[in-house]
Amino acid sequence: MKHLVRGGLFFAVIAVSAGFAQQLESAAPNAELEKVLSRMDVLAANFRSAKADFAWDQYQRVVDTVETQKGKIYFRRAGKEIQMAAEIHEYNGKAEPKYVLFADDKVSVCQSNVINEYPVGKNKEEFESFLVLGFGGSGQAMLKAFDVSYQGQEKIGGEQTAKLNLVPKSEKVRSNFPHITLWINDRGISVQQQLFSGQGDYRLAKYSNIEINDKIPDSVFKLKTNGKTQIQPH
C-alpha cells in the first residue's frame with residue numbers, strides 16, 4: 001500500500017503533533033460536520049462515475065524536493081467495485097506518459113510498453129476506502145474507516161469548501177498514514193486532498209474540471225497493449 005502511494009497513486013499522511021491536537025480541540029460543532037457528510041451521502045447514493053483534471057505534488061522531506069505529475073483521472077462504479085484510471089501526461093513539466101488502472105483487485109502501472117501489476121489482495125477494502133475519498137464515497141462509509149473532524153471553511157480554487165481532518169481507525173493503516181486533510185465543496189466532492197506520512201512526506205492533490213455521472217468510454221478502463229508490451233506481476 002505504502003509503495004503504491006509513493007508511486008503516485010494515491011493515496012499518504014503525517015504524524016499527529018501537539019499543535020495538531022490543539023486544532024482538533026477548536027474544531028467546529030458536529031452540526032457542521034453532519035452537513036458535509038450528508039452532502040457526500042447524497043452524492044454517493046447516485047454516483048456512477050467521475051472524471052477530473054489533476055495535479056499531484058509529492059513532497060519528500062529527506063531531499064526537500066517536490067515532484068509534480070499532471071493528467072486526468074477517472075472513476076466508475078462497476079457492480080460492487082469502484083474502478084479508477086489515471087492518465088498521467090506530465091512529470092515535472094516534461095511529457096512523460098504513464099497509465100494507472102485499478103480494477104479486478106489489482107493496480108496496473110503501464111509505461112514504455114511495460115506493465116507492472118500489484119495485487120491488492122486482502123488490502124482491497126482498505127485501498128478502496130482511500131481511493132474514493134471525496135469521489136463517490138459516502139460520508140457514513142468514511143466514518144466507519146476514519147475519525148473525522150470539521151476544521152472550518154476555506155476557499156480552494158475560488159470556491160468555498162469545508163475542510164475535514166481524517167485519522168484512520170485501523171492501527172495498521174494509521175502507522176503508515178496517520179492523517180489526511182480533505183476539502184469538500186458544496187456538491188460533496190473533494191477538490192483538494194493532502195495526505196501525509198509519518199516521515200514528513202506528503203502528497204497534495206488538486207482536482208479541477210470535475211464532472212460527475214457523465215458517460216466514460218469502457219476503453220478508458222482497459223490497458224493499452226501491443227505486441228511489444230511486457231507484463232511484470234509483483
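Buried means under 20% relative accessible area. The legends below describe close-up views of a predicted model.

**View 1. The ring pair Phe 75 and Phe 135.** A pair of aromatic rings is described by the distance of the centres and the angle of the planes. The model holds 5 aromatic pairs. In one of them, the ring centres of Phe 75 and Phe 135 are 4.9 Å apart with planes at 20 degrees, so this pair is stacked. Phe 75 belongs to strand β2 (residues 65-78), while Phe 135 sits in the loop between α4 (124-131) and α5 (139-145); the pair thus links distant parts of the chain, 60 residues apart. Phe 75 and Phe 135 are both buried.

**View 2. The ring pair Phe 135 and Tyr 207.** Phe 135 also pairs with Tyr 207, edge-to-face, with 4.9 Å from centre to centre and 75 degrees between the planes. Here the loop between α4 and α5 is linked to strand β11 (residues 202-212), which holds Tyr 207, 72 residues apart from Phe 135. Both Phe 135 and Tyr 207 are buried.

**View 3. Other aromatic residues.** One aromatic cluster is formed by Tyr 59, Phe 196 and Tyr 202. Over the face of Trp 56 lies Arg 203, at 5.2 Å from the ring centre.

**View 4. Nonpolar cores.** The largest nonpolar core has 30 residues, of which Ile 73 and Tyr 207 touch the most other members. Two or more residues of this core come from each of β1 (49-60), β2, β3 (81-91), β4 (94-103), β5 (106-111), α4 and β11. Another core, of 19 residues, lies apart from it and includes Leu 33, Val 148, Phe 177 and Ile 184.

Conventions
Residues are numbered from 1 along each chain as its sequence is written. This is a predicted model: local features need pLDDT of at least 70, side-chain atom pairs count only at pLDDT 80 or more; totals for chains, interfaces and linings use all residues. Side-chain values use heavy atoms; hydrogens and water are left out. Rings of Phe, Tyr and Trp (its six-membered ring) pair if their centres lie within 6.5 Å; planes under 30 degrees apart count as stacked, over 60 as edge-to-face and the rest as tilted. Helices (H or I, at least four residues) and strands (E, at least two) are DSSP runs, numbered from the N terminus. Buried means under 20% relative accessible area, exposed over 50%, partly exposed in between (1.4 Å probe, protein chains only). A charge sits over a ring if NZ of Lys or CZ of Arg is within 6 Å of the ring centre and within 35 degrees of the ring normal. A nonpolar core is a set of buried Ala, Val, Leu, Ile, Met, Phe, Trp, Tyr and Cys residues joined through side-chain atoms within 4.5 Å.
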